[in-house]
Amino acid sequence: VQLQASGGGLVQVGGSLRLSCVASGRTFSTYIMGWFRQAPGKEREFVASISANGGTTYYADSIKGRFAISRDNVKNTVYLQMNSLKPEDTAVYSCAAGRKYGSGSYYYTTSNGYDYWGQGTQVTVSS
């Protein structure tokens, strides 16, 4: 699976962006999809994830209520709608795909659950 993220950019505090991640191949609908971000000098952190059929989503506490993840299995695309952006949301955002399952949210919300990663798209929120 190859992943291509896009949609990043420079936005003012309180603004919105919509990230997209297009996947290659015919098996997109079987993958859990996730978004992670990494700010300069910080470790990569989980942002949001969505189950293969779109019925289950998980969000990091820091973005809950402001971001929304969705997917279109016909278009092989996962989205991250980001609203009410804050300076601390500035980071490189990467999408990821995985097919590991277990009890609870572990594989949805940690890097260990993902086998394929996109190249990332920069999001900068200016104050």
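Figure 1. Ser84 counts as partly exposed because its relative accessibility is 41%, where buried means under 20% relative accessible area, exposed means over 50% and partly exposed lies in between (1.4 Å probe, protein chains only). Ser84 lies in the loop between strand 8 and strand 9; strands (E, at least two residues) and helices (H or I, at least four residues) are DSSP runs, numbered from the N terminus. The structure is a predicted model, in which local features need pLDDT of at least 70 and side-chain atom pairs count only at pLDDT 80 or more, whereas totals for chains, interfaces and linings use all residues. Residues are numbered from 1 along each chain as its sequence is written, and side-chain values use heavy atoms, with hydrogens and water left out. Most residues other than glycine have a negative phi. Ser84, however, is a residue other than glycine with a positive phi, near 50 degrees. Leu85 is found in the loop between strand 8 and strand 9 and is buried, with a relative accessible area of 1%. The C-alpha atoms of Leu85 and Ser16 are 6.2 Å apart in space, although 69 residues separate the two in sequence. Apart from neighbours within four places in sequence, Leu85 is in contact (heavy atoms within 4.5 Å) with Val11, Val13, Gly14, Gly15, Ser16, Leu17, Arg66, Phe67 and Val125.

**Figure 2. Asn76 in the loop between strand 7 and strand 8.** The loop between strand 7 and strand 8 holds Asn76. Asn76 is not a glycine, yet its phi is positive, at about 55 degrees. With a relative accessibility of 15%, Asn76 counts as buried.

**Figure 3. The largest nonpolar core.** A nonpolar core is a set of buried Ala, Val, Leu, Ile, Met, Phe, Trp, Tyr and Cys residues joined through side-chain atoms within 4.5 Å. The largest one has 35 residues, of which Met33, Trp35, Leu80, Met82 and Tyr93 touch the most other members. Strands that each supply at least two residues of this core include strand 1 (3–6), strand 4 (32–38), strand 8 (77–82) and strand 11 (121–126). Strand 9 gives the largest share of this core, five residues. In soluble globular proteins, nonpolar side chains tend to be buried together. Leaving aside neighbours within four places in sequence, the contacts of Tyr93 include Leu19, Trp35, Val47, Phe67, Leu80, Met82 and Thr121.

**Figure 4. Thr121 in strand 11.** Thr121 has its place in strand 11 and counts as buried, at 10% relative accessibility. Beyond its neighbours within four places in sequence, Thr121 is in contact with Ala5, Ser6, Gly7, Gly8, Leu19, Ala91, Val92 and Tyr93. Between Thr121 and Ser24, 97 residues apart in sequence, the C-alpha to C-alpha distance is 18 Å.

Figure 5. Rings of Phe, Tyr and Trp (its six-membered ring) pair if their centres lie within 6.5 Å; planes under 30 degrees apart count as stacked, over 60 as edge-to-face and the rest as tilted. By this rule the count comes to seven aromatic pairs. Tyr58 and Tyr108 form a tilted pair, with 4.8 Å from centre to centre and 45 degrees between the planes. This pair links distant parts of the chain, 50 residues apart: Tyr58 belongs to strand 6 (residues 57–59) and Tyr108 to helix 1 (residues 106–109). Tyr58 counts as partly exposed at 24% relative accessibility, whereas Tyr108 counts as buried at 11%. Tyr106 and Tyr107 form an edge-to-face pair, 5.0 Å centre to centre with 75 degrees between the planes. Tyr106 is partly exposed at 41% relative accessibility, and Tyr107 is partly exposed at 28%. Phe36, Phe46, Tyr114 and Trp117 form one aromatic cluster.

**Figure 6. Val1 in the segment before strand 1.** Val1 is placed in the segment before strand 1 and is partly exposed, with a relative accessible area of 31%. Not counting residues up to four places away in sequence, Val1 touches Ala23, Ser24, Thr27, Tyr31 and Tyr116. A distance of 25 Å separates the C-alpha atoms of Val1 and Met82, which are 81 residues apart along the chain.
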